[in-house]
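Subject: Structure handover

Hello,

Here is the structure you asked to take over. My notes on it follow below.

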Amino acid sequence: MVSEAEFTERMAETGLYEGQPHVGVAVSGGGDSMALVLLAETWCRARQGRLTALIVDHRLRPGSSDEAQRVAGWLTARGVDSVILEWRHGGGEPIAGGLQQRARAARYHLMENWCRANGVLHLLLGHTRDDQAETYLMRLEKGSGPDGLAAMSRVRETAACRIVRPLLGVSRAALRVWLTGLGQPWIDDPSNLDPRFRRTEIRKLFEDGTFDAAALAASAARYEAARQVLDDAAAELLARACKLAPAGYAELDLARLKDAPEDLALRCLGRVIAAVGGGGYPPRRRAVETMLGDLRSVVGLRRTLGGCLLAVHGETVLICREARNLPEPVTVSPGVRHLWDGRFLCDFDTVTGTDGRPKMAALGRRGWRQMIGDRPEIGDNVASLRDALPTLPALFDDHGVFSVPHLGYRRGADAYVSARDCGFSEIRFAPRNSLVGVGFAVA
């Protein structure tokens, strides 16, 4: 069984919440998410907070829109606010992978964007002990290391919000018993029975008693505890060895990296590459091992990995975004927020003094040459960072580069100008992957 008191304890274990919290809850209509949203609504109400249920209409099968409306109706009947977010296939940023991976990425993208736009700091997900055990077994099958076998984290930081999974210690069956007692129906997703998916096959192994979900979830919890110890050590090393610039590049103290234990150095290097490169995940361990070995032995190394250029200058490793596969130009509009290249969170202001509607794109070599032709002293001041600077976001109009907020450059201005004068009400480095894990957005 599960109770409201037990849920309160589990929420307390996931960290601090602001007074009168506004939380988002991912609700598919399945038993897990329906139980979560009703438990979380009571938790929020006791704290004079607010809850918004986020229902994603994925449109992957006929009737998905009707299902989304049915779930919204159930929640309305219980006094729970909800929003339906539609996945428009083929629109927005490209999403790689198979069907389940694409759908999962799209759900997260839609929900995190909604949280960011509405100032919601916490997004609750209904993953259970059974999901954790299934994930553990799938990772074990793929030969994952200790981090992978830790399976899903109870809390994960993103650029938009905290992802919180308060039900990882609760069984799927217990939640359904609790819902039945409330008289609350739920929807069983037919994709959970689709034999094309490996998770469906693994789920059957638990149902027929081949594996014990509680035991495997406990194993994942032990790996999670070990991962947390390593994360704490990585945070301490990065605090001493890494300088992370607002312009989105990092400088690593090579001597400290060389002196660190192998696993710790690999963890830190992978984390920095993931953050600076703006990707969804760090590079594979074997690739990071090769890079670390080369950093320790090759003088003047220049090499790419994970969307980053790594360049050794004496006892410092410059890690910056690689100058390829950068986003296409984006037309800017006042009041629109955009996560550019998975790295920079940009809010646009009204742009004056441009010819034509301005667009945001990477500065590039051409824009760099145009900018220093106008203000040559900028090039002199940042000569050592020429690898990093062409990958910065800039505004362009019909005459070329108009402004580069990280350099305080605006065409025609003879001195440093603010980000607002460059056409941005705010611009900050906010990568998809945090540098040191739970507790910090960047570092």
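This is a predicted model: local features need pLDDT of at least 70, side-chain atom pairs count only at pLDDT 80 or more; totals for chains, interfaces and linings use all residues.

D341 sits in the loop between β13 and β14. Its phi is near 60 degrees, which is a positive value in a residue other than glycine. Most residues other than glycine have a negative phi. The loop in question is the turn of a hairpin: β13 and β14 form this hairpin with 3 residues between them, and D341 is in the turn. The two strands run antiparallel, and 4 bridges join β13 to β14 (residues 344–348). Across the pair, W340 stands opposite F344 of β14.

A second residue has a positive phi and is not glycine: A151, with phi near 60 degrees. A151 belongs to the loop between α6 (146–149) and β5 (155–157). Is A151 buried or exposed? With a relative accessible area of 6%, A151 is buried, because the cut-off for that class is under 20%.

Salt bridges

Side chains of opposite charge can pair when their charged atoms come close. How many salt bridges does the structure hold? The count is 29. I looked at three of them in detail.

- R172 and E134 meet through their side chains, at 3.4 Å from N to O. R172 lies in helix α7 (residues 172–182) and E134 in helix α5 (residues 129–141), so this pair ties together parts that are 38 residues apart in sequence. Both R172 and E134 are buried.
- R324 and E322 form a salt bridge with an N to O distance of 2.5 Å. R324 is partly exposed, with a relative accessible area of 47%, whereas E322 is buried at 11%.
- E426 and R337 form a salt bridge in which the closest N and O atoms are 3.9 Å apart. This pair links distant parts of the chain, with E426 in strand β19 (residues 424–429) and R337 in strand β13 (residues 337–340), 89 residues apart. E426 counts as partly exposed, at 32% relative accessibility, and R337 is partly exposed too, with a relative accessible area of 37%. Strand β13, which holds R337, is also one of the two strands of the hairpin described above.

There is also a network: salt bridges that share partners join D32, D131, E134, R172, R176 and R203 into one. E134 and R172, the pair that bridges α5 and α7, are therefore among its members.

The open sheet and the helices on it

What is the strand order of the open sheet? Its 5 strands come in the order β7-β8-β11-β10-β9, and the pairing is antiparallel. The edge strands are β7 (242–244) and β9 (302–305), each of which pairs on one side only. From one strand to the next, the twist averages 20 degrees.

L305 stands opposite C308 in β10.

Two helices are placed relative to these strands. Helix α12 (residues 285–297) packs on the sheet and touches β9, β10 and β11 (316–321). The direction of α12 makes about 165 degrees with that of β9. Helix α9 (residues 213–241) lies across β7 and β8 (250–253), and runs at about 75 degrees to β7.

A helix pair

Two packed helices are described by the angle between their axes and the distance between the axes. For helix α1 (residues 4–13) and helix α2 (residues 31–46), the angle is about 80 degrees and the axes are 10 Å apart. That makes α1 roughly perpendicular to α2. On the α1 side the contact is made by E4, F7, T8 and M11, and on the α2 side by L36, L39, A40, T42 and W43. By class, this contact has 6 nonpolar, 2 polar and 1 charged residues.

Regards

Terms used: Residues are numbered from 1 along each chain as its sequence is written. Side-chain values use heavy atoms; hydrogens and water are left out. Axes are lines fitted to C-alpha atoms, for helices over the stretch in contact, and angles run from 0 to 180 degrees between N-to-C directions. Angles under 35 degrees count as roughly parallel, over 145 as roughly antiparallel, 65 to 115 as roughly perpendicular and the rest as oblique. Contact means heavy atoms within 4.5 Å. Ala, Val, Leu, Ile, Met, Phe, Trp, Tyr, Cys and Pro count as nonpolar, Asp, Glu, Lys and Arg as charged, and the others, Gly among them, as polar. A salt bridge is a side-chain nitrogen of Lys or Arg within 4 Å of a carboxyl oxygen of Asp or Glu. Buried means under 20% relative accessible area, exposed over 50%, partly exposed in between (1.4 Å probe, protein chains only). Two strands pair if DSSP finds at least two bridges between them.
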